[in-house]
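Please have a look at the sequence and the model, and then read the points in order.

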Amino acid sequence: MYSYYGLSSFGPQIQPYLWWKKYITQIQLIQFAIIGLYGLCLNLLHSGYPLIYRMMPVSQALIFLVMFGQFYVRSYLSSKQIKKSQ
């Protein structure tokens, strides 16, 4: 992700070479889903941890999953539907 942002800062002439932005977002969505599942397993299997430590991974992963999911839909899925209808 940071490599993408670093390279994109060089300007529009490098943009054609940054075709992999969509895949970075997909990997991040998978990452947040795994972190959320891990947090749920932590809640179910390890009740000895303080509640805040058990809920933090779940809530943070859920928030990021929703935010990045909305970005993904807006950036990649909605634009395809608009292009197909034109």
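1. A polar atom of the Ser 8 side chain lies 3.0 Å from the backbone oxygen of Tyr 5. A polar contact here is a pair of N or O atoms within 3.5 Å; within protein, one must be able to donate a hydrogen and the other to accept it, and residues adjacent in sequence count only if both atoms are side-chain atoms.

2. A word on the source: this is a predicted model, where local features need pLDDT of at least 70 and side-chain atom pairs count only at pLDDT 80 or more, while totals for chains, interfaces and linings use all residues. Residues are numbered from 1 along each chain as its sequence is written, and side-chain values use heavy atoms, with hydrogens and water left out.

3. Back to Ser 8, which sits in helix α1 (residues 2-8). Is Ser 8 buried or exposed? Ser 8 counts as buried because its relative accessible area is 18%; buried means under 20%, exposed over 50%, and partly exposed in between (1.4 Å probe, protein chains only). Not counting residues up to four places away in sequence, Ser 8 touches Ile 14, Gln 15 and Leu 18, where contact means heavy atoms within 4.5 Å.

4. Now for the overall layout. The protein chain has three helices and zero strands, in the order α-α-α from the N terminus. Helices (H or I, at least four residues) and strands (E, at least two) are DSSP runs, numbered from the N terminus.

5. Along its principal axes, the C-alpha trace spans about 55 × 35 × 15 Å. Of the 86 residues of the protein chain, 22% count as buried. Among contacts between residues at least 6 apart in sequence, 45% join residues at least 24 apart.

6. Arg 54 is worth a visit in helix α3. With a relative accessible area of 14%, Arg 54 is buried. Which residues does Arg 54 contact, leaving aside its neighbours within four places in sequence? Among them are Gly 39, Leu 42, Asn 43 and His 46.

7. Met 56 also lies in helix α3 (residues 51-85). Met 56 counts as partly exposed, because its relative accessibility is 41%. Together with Tyr 49, Ile 52 and Tyr 53, Met 56 makes a nonpolar surface patch of about 450 Å².

Methods. Patches are made of residues with over 30% relative accessible area and no salt bridge: like charges are joined within 9 Å, nonpolar side chains (Val, Leu, Ile, Met, Phe, Trp, Tyr) within 5 Å. Accessible areas come from the Shrake-Rupley method with a 1.4 Å probe; for residues, only the protein chains shown count as cover. A salt bridge is a side-chain nitrogen of Lys or Arg within 4 Å of a carboxyl oxygen of Asp or Glu.
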